[in-house]
Amino acid sequence: MRDRNHGRLPKWGEAAARGLTDKPSRIAKQAARKDSVPSFVYKLSSGDLSSLQEVCSLPHWIAKRFPAFDAIYRRQLTRMDERAKVLRESLEEVEDFFADMSREDQASLRDMIWKIDGRKLPGMNLDKFIAVRDDRGRDVIENGRVVLEMNPRYHEMFEAWLDRQPVSDKVKKALLALRTSLDRDFLRAYDAMREMAEVDDDTIKAFRTNINHVHNYFPHKRYGAYYIQIMGDNRVGRTESGNWAVFNGAGDIVSDEFAKESTAQKYWRENRRGVVYREHFDAANKASASRKLKAKWPELQKRFPDIDLADSRNWDKGENKHLPDELYEFPIDTNAMEQIINAAADKVEDRKRGEEIRTRMAEAVSDIMKARGWSAATIGRKGVPGYETEDIQGILYDYKAGLSGWITKMQASRDFTKLLGKIDAKDHPREYVYATNYVQNMLRNGDRIDRTVGNVKALAFLWYLGFNLKTAALNLTQNLIVGVPRLSMETRDGGFRYAKAAMATLTDAVTKGKHLPEDEARLLNDLYREDVITEGFLNEIRGRVQGVSLGNLWNKLLRWAGMPMAIAERFNRASLALAAYRAARDGKLKQHPGRKMNFEAAKAFAEDIVRDSHFVYGKTNLPQPLRNSVAGRAANPVYTFRTFSHNILSIWSWMLRTQGREGRTAFAKSMLGTALVGGFTALPFYATIMHLFQWLTGDDDDWTEEIRKRLPEGDVLRDIVSYGLPAGAGFSLGGSVGLETPVLARMEPGATLEENIADNLGDILGIPWDLIVTKPSRFMKARKAGDDWRAFEEVAPTIVRNGMAGYRMWRDGQYTLSGRPINDPGQPGPRKLAGSEAIGKSLGFQPVSNRKSYDQYRSRQVKTQVRSEKAGELANRLVRAFRDHDRRKVHEIQAEWKAWNREMKAEGKPWMQITSTNLATRVKARAKVHKVSRRDIGMVLEQMKAY
């Protein structure tokens, strides 16, 4: 689409320009330039980024208004797509082999992996990688570099050796797949470097030579924030194959094998001492780390009897200040990264800015520069024991995730550098600084803070949303609330028809096995591999457990806990993507009436619609304060369950402020969808506005109650209008759909702003506050009341708590924590749930009867508070008037009191009238001098002595 102010095309608009139809390319481009972009779509700002946008806005929506930053943001999205695709392809080569392996086979596989790790097998003298040859037997050259392929003869020899090993066929098959996949990973890295002109030929040649000398490589991974390492003297000796090598104090080879002893001696003279053992481990703090180390010490002394551990020169301990070299065991040469950045910075016309960008980019990838380089850290690694050897799947995942990250980071760093050079720093200084910080944040490696945040998110997800069917059902409403309105902005016939048809198609494909057309199957497969239609929101809030005992088991539990939500989110994203693709393919876009987009253009359009509607999650789309500082990153858990709210507010703002009539229409459709799901009480800031109005004005009218009175009689109709269509089945999603403001949505009439903030501080701090303060407090309160069942219920994970609460409210009825029964007005005894309501409650769905009961209770509370506040105000002023002997003031207050009562009577609210007895009692209480009772006189005398 072309913006009328800046003349730029979004991703799908560019693809459309390359081939909207089957017309010649020139005609297609002219058509795209003429009317490919509606004026309402991207109204980009001609000014600079504001301070408020810089702090509060999300990158996705900032990119919609600033074209220079949009290019950087889209490059980051492309990088994430590429990374997901590379990782998925790499993992698919090995993951199937672990599914049905027995424990014995898994143990055999581990033994085989470490048996051959880093060792050259007898007779394996061939290169693993050879040049691709053309029909005339010449090396194939691309970009001036030789194209490599895996040597089939080498893998045939490895397979023959494997057939002679005394392990099961499953183990042989799995090991062959692992070795093949890891070798392919080397090729992926080589191809990425080969295709980049910025990387010099010598670096490429050295890399090619090195990967041919890596024997049966398997990643060595160490996990933990603390370390202990043992040092010892190295020595020269013969290997099993008869060659010479350098051995460490533990007898492990720490060099390559050499044919001549003199060569080994030369290596030894440069490496006389080395690390014999290094282990990483996690601990809550330094004191805990010291205790763990003390417990390990006897084992280390027994393991290394020839090393004097009483000598502090032979060992070292401490905290991993930076990620250690072992975490950089990815086939990326640091020289290559540096060359890429330098070459891109040299092309910036403004030399001063080019140097500044070079410096900032170097800072962004400083962790890479600090690593020793792949040839030292990986190819020439010293096989030091202490690395993880049990969790093979975890090691592979981390290695391959890191590999895909480094490959795409190397490519993106070049493009980021060029794009930063295109921002006009004089006219747009804030945008330039924001974009520079963004690039640094995107290239920064994860560290201990990120790992801790991930662990907190994982705990929060498991505790609050794990196995929750209500959350999955809620996710299925997002297309109705956001997806269809967003698609309708672009389509001639509206988005609902396409969305409905796409949902039906996917449902038939899953339930009836119907096949999709080839192009649609290709679309969904591509978008899945690029993580566009995977569970983005789930991954954002689920986090990942790292650096803790049984971390892999916990991560499996997290995946199972999120399965209902994952299925719902994938279905939602896939159905919207298919709907958008079909609309573009069929020529139903408003700006291209009758013109059918080709596959690439329609796919790009579908990507944009899905990302706008289902949002971009993770570091890529975090607000700057939460990714640009240590404190902000540490505060991320507070933001965990608010990413959706922030994004949906952003798209609504974008629709209303920049998208004209179509945007306003889409917003209205979004509000209609919200009301259908959650009723009018779920409309944005409904409770916030009502409670704030009540607090500011002292008005006691409950808007929900007043609206229900004006609806035709009948509970079902009133419930559906108030709480949405699910209320017809007896349940409400409104509390989860509604968007409210912390604190303001709970303002209590009569309370000061300070009191309201103090009472509702947990609304601001969110999950951490609830876990650390609210849950323990409610547990203790229930314990003091003698209710152990309720105490456990209060701290149990939500899925367990819902089940316990549903059963309790069905069997015993509803009680407060202190044991006071909660009854419906006029009904004896505590209110109970029906059987169906209790089942729904157990699954996470709120019964409408509960919602109505609470709304009625709060309405009564507000009325009582308003009346009490007015009576208290009158009494305070009367006491002051009596003290001042001001009869005129007394008469004025009495007149005001009578006027209040007349007004309440006229409004038909006799319960709001203040009786003379009530007012007199309050005045006497305020005027009464406190006297010490006989029971308390002893206590007062003791205090007088003390003070």
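This is a predicted model: local features need pLDDT of at least 70, side-chain atom pairs count only at pLDDT 80 or more; totals for chains, interfaces and linings use all residues.

Colleague: What share of the protein chain is buried?

Modeller: The secondary structure comes to 44 helices and 11 strands, where helices are DSSP runs of H or I with at least four residues and strands are runs of E with at least two, numbered from the N terminus. Buried means under 20% relative accessible area, exposed over 50%, and partly exposed in between (1.4 Å probe, protein chains only). Of the 947 residues in the protein chain, the buried share is 49%.

Colleague: Are α20 and α25 roughly parallel or roughly antiparallel?

Modeller: The axes of α20 (residues 478-488) and α25 (residues 563-585) come within 11 Å and cross at roughly 20°; axes are lines fitted to C-alpha atoms over the stretch in contact, with angles from 0 to 180 degrees between N-to-C directions. Angles under 35 degrees count as roughly parallel, over 145 as roughly antiparallel, 65 to 115 as roughly perpendicular and the rest as oblique. So α20 and α25 are roughly parallel.

Colleague: Which residues of α25 make the contact with α20?

Modeller: Contact means heavy atoms within 4.5 Å. On the α20 side we have Q478, N479, G483 and L487. Facing them on α25 are N572, S575, L576, A579 and A580.

Colleague: Is N216 buried or exposed?

Modeller: N216 is found in the loop between α9 (201-211) and β5 (226-233). Its phi is near 50°, a positive value in a residue other than glycine. With a relative accessibility of 4%, N216 is buried.

Colleague: And what is the relative accessible area of D531?

Modeller: D531 lies in the loop between α22 (518-529) and α23 (536-542). Phi is positive here too, near 65°. D531 is partly exposed, at 36%.

Colleague: Which residues does V140 touch, leaving aside neighbours within four places in sequence?

Modeller: V140 is in the loop between β1 (129-131) and β2 (141-142), and V140 is partly exposed at 22% relative accessible area. With those neighbours left aside, V140 is in contact with V132, R133, D134, R145, V146 and V147.

Definitions and conventions
Residues are numbered from 1 along each chain as its sequence is written. Side-chain values use heavy atoms; hydrogens and water are left out.
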